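Visitor: I would like to learn how to read a few features of a structure. Could you take them one at a time?

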Amino acid sequence: MKRKLALLLALVLLLSVFTVACGKEEPAKGGDKEKVEEGPGEDVSDEDIDDEQYVTLTITEPQAIDPSKSSDIYSADILNEITEGLVRLEVGEDGGDVIAPAGAEDWDVSDDGLVWTFHLRDYEWEDGEPVTAHDFEYGMKRTINPETASVYAFLLYPIKNAEACNSGEKDLDELGVKAIDDKTLEITLEGPCAYFDKLLAFKTMYPQRKDLVEQWGDKVGSEAEYTISCGPFKLTEWTHKSELVLEKNENYWDADTVKLEKITYKVIEDPSTAYNMLSNGQIDICGVSKPEWLEKFKQRDDLVYVSEYQPSVAYQFFNQDVKLFSNANVRKAFILAIDREELLDVLYYGIGEPAYGWIPPVMKVGDKTYRDVVDEPLKKLKEENPDPKELLIKGLEELGMDPDPSKITVTMLQSGTDAESRRFAEYYQQAYETVLGINVEAEYMDWPVFLDRVQSANYELAGMGWNGDYDDPMTFMDMWITGSGMSDIQWSNKEYDELIKKAQTSLDDEERLECFKRAEEILLYEDGCISPIIYRKSSRFQYDYVKNIMRPLCASGIEFKYAYIQGRNK
Amino acid sequence: MLKYVSKRLLYMIITLWVVITITFFLMHAMPGDPLASLARELPPQVKANYYAKYGLDKSVPQQYVLFLKNLCRGDLGESLKYPGRSVTDTIAKHAPVSGRLGIQAISIGVVIGIVLGIIAAFKRNRWPDHLVMFIAILGVCLPSFVLAALLQYVLSVKFELFPTAGWGTGKHTVLPTIALCFGSIATYARYMRSSVLDVINQDYILTAKAKGISEFNLIVKHVIRNAIIPAITILAPQIANVFTGSFVIENIFAIPGLGSNLVDSINNRDFSMIMGLTIFYCALYIISLLIVDILYGIVDPRIRFSDDVQE
């Protein structure tokens, strides 16, 4: 009996753990990305700043400080501080991203846009070894090597033979990356790629040390001792799930610019704990989203509130294999049924902006900010159709269904099972039911299950978020071409596919912009495939003595290279 | 005794095997894989490389056989979520943290609980009894995370006596230990009170008193020894609870213990980590049951170990 009891108890124990696990998923998935108002460059003399130059903030446990194997933004954040790649992402005067030369002093592009030649500056690794073009070549080859199983290998696919090498069809020597000499790196592309420069700052392009990677084997990046820096800071301590300590890298080529001596990242998962630590100054910077804390912190004079655009949109989507959603008018009715302004206030506490388009603000095509020149398609749709319910009834008639909306029941998938997920689902439920007069049932599940359902098109209606990878509308648009996509909406449009293909291969900014404009119009205005809801924005507080930090739109975290502390103890 | 223990050890291995098997197949029956936490559509080639690297391209029975083979060699594999970290290393690094906290909390909880229980029993229906029972009811009703948040706010944010969160010094353990042991104090006090009340009405206590034994000796030699059995019975699940149940506390105080690793691994479908931690917890649980059974015999010789005494 006791033995059976032991087994039973062990199982119950296990089950309870599963239940706990189910409750943890956030309603909206995706990393946090933020951006800052201050630019670089602003020079301060050393006398003006504090003697003690340190900053403390929170982070989620990074996977591994390995440019090839990690796939989370937190690892990328640390890697950005300790590595000098070809370029660094910085914030320009207009608030948009600027690609600043870093490891590469300059580069030439051949007339056909296929061959990129980078001229590296003289700079060193932490241990005094020079950083060479061979390190860059090795790094990219390691990422593409199928045995490495790098999840982000696909970001190198614009490079010649990258996809073939990644599948093992071609030998790694055929990859279009070559060190001409120690200081010259040549990258050959598969085809023209207008946004290739936007990919240069990505971790998959970082240099890696062949000798150390081979020496460390599988341990690369798993502990502080298995990392090496060639960037502004170096990782000196890493207590897993507790804290990471970065110290200034005196060997960095631009060490004079770097003022901070120490950055401590505390691994804090519980928001209330982090807020408590911010309120008594144990941490200096903290993302804040809970309304009661927002109010509290906003009243303090020593805290600065920062809210900036992210390359991220929260959206709802419809499975067009379901009879009801095979009709464009029905889908449009669902799109228009949501009052985005009200939703922003209720669900997001005002953090963000109502989305009437799919490509978020600040994203650029070449040098032009896309949203500055292209109107949001859903605004037009809304003007032309003041009554969503009428649109729904029209759609039902076209489908030959009973035109009485009250006889329709739609099931909506919600990722997450916690109170926050319920708050989201119940709002949407109520909004659709009130405006359209239909019935909506919510089905709750944890994230992996949710993802499995939407990717296998086993759903009717669902919502999630999408984060772009790089500063070009392509990162939002290529996911809807036939046979691809994060959420399987079972939609295929020949014209859309052709437009995206054209934008992929064209080097003409004007032409690309026109392609995206037309494609977005098809996606939202004509076919009503998805329902963008909110352009997500960041929301954080930082003490006023933390100066000059910046958060590029498409970077993974805060850039501390130019940061300094002024007046902490005043 | 030796025969009994070795027999129990054998059963333990069988139980472990059953749990491993069930967990393994249940785990693979869950939808989703480690790539799901990325929340993005990956090119098929990238997925194929990943599955091949971690053996996820094989059928589940094949993976099961492979897993058992590796397990026999003591190899629990590498975490799928955190490349480069072996599961055994993770357990070796984080279990002592949970363990330290758990042992601190349990020892304090047991000692204070038992003392309070005895006091309550001897002073029954007087104010010490009422006070202890008030604490006990509070301890049972007040969830540890509420207490944790309260302690954090008052003792750390308001008065800055202790660090808000983190790990490293003894000071860091104070608040989580209090939060964790409060519940056990309450439980032990209640059990102890009622079993002491049972014991002190027995004839042998009267005899002892008649012999003129001092009150201290009476309590230590006669009362505690006879009244502690129920307390030992609840000790085993408590030990395991301290390891698993501390997830919430670990989360609030940002303690790098095993609890957060387990929840994290399930959310991320980190298969090798789920298996490793399940085995660890399960073994721990079964061993603590065994220890409790042995303790019974030491405390109370009436409970004997032999083949004819089955449960």
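Visitor: Which helix gives the most to the lining of the second largest pocket?

Guide: The general idea comes first: rolling a probe the size of a water molecule over the atoms shows where empty space is left. On a 1 Å grid over the protein atoms alone, a pocket is an open set of points where a 1.4 Å probe fits, with protein on both sides within 12 Å along at least five of seven lines, and lining residues have an atom within 4 Å of a point. Here helix α17 (residues 494-505) of chain A gives the most, with three residues. Helices (H or I, at least four residues) and strands (E, at least two) are DSSP runs, numbered from the N terminus.

Visitor: What is the volume of the second largest pocket, and which residues are the closest to its centre?

Guide: Its volume is about 960 Å³. The pocket has 30 lining residues, and the closest to the centre are A:Phe154, A:Tyr157, A:Tyr195, A:Asp478 and A:Gln504. The lining divides into 16 nonpolar, seven polar and seven charged residues. Volume is the space filled by probe spheres set on the grid points, which are joined across faces, edges and corners. Ala, Val, Leu, Ile, Met, Phe, Trp, Tyr, Cys and Pro count as nonpolar, Asp, Glu, Lys and Arg as charged, and the others, Gly among them, as polar.

Visitor: What should I know about the model and its numbering?

Guide: This is a predicted model, where local features need pLDDT of at least 70 and side-chain atom pairs count only at pLDDT 80 or more, while totals for chains, interfaces and linings use all residues. Residues are numbered from 1 along each chain as its sequence is written, chains are lettered from A and ligands numbered from 1 in the order in which they are written, and side-chain values use heavy atoms, with hydrogens and water left out.

Visitor: How many salt bridges does the structure hold?

Guide: A salt bridge is a side-chain nitrogen of Lys or Arg within 4 Å of a carboxyl oxygen of Asp or Glu. Over all chains there are 33. One of them joins A:Lys380 to A:Glu521, with the closest N and O atoms 3.4 Å apart. This pair links distant parts of the chain, 141 residues apart: A:Lys380 lies in helix α12 (residues 377-384) and A:Glu521 in helix α18 (residues 509-526), both of chain A. A:Lys380, A:Glu495, A:Arg518, A:Glu521 and A:Glu526 are linked in a network of salt bridges.

Visitor: Are A:Arg512 and A:Asp472 buried or exposed?

Guide: Buried means under 20% relative accessible area, exposed over 50%, and partly exposed in between (1.4 Å probe, protein chains only). A:Arg512 and A:Asp472 are both buried, and their side chains meet in a salt bridge (3.0 Å, N to O). By contrast, A:Lys380 is partly exposed because its relative accessible area is 36%, and A:Glu521 is partly exposed at 25%.

Visitor: Which residues make the nonpolar surface patch in chain B?

Guide: Patches are made of residues with over 30% relative accessible area and no salt bridge; like charges are joined within 9 Å, nonpolar side chains (Val, Leu, Ile, Met, Phe, Trp, Tyr) within 5 Å. B:Ile108, B:Val111, B:Ile112, B:Val115 and B:Ile119 make one of about 370 Å². Accessible areas come from the Shrake-Rupley method with a 1.4 Å probe; for residues, only the protein chains shown count as cover. B:Val111 is found in helix α4 (residues 87-122) of chain B and is exposed, at 52% relative accessible area.

Visitor: How many helices and strands are there in chain B?

Guide: Chain B has 13 helices and zero strands. Buried residues make up 53% of its 311 residues.
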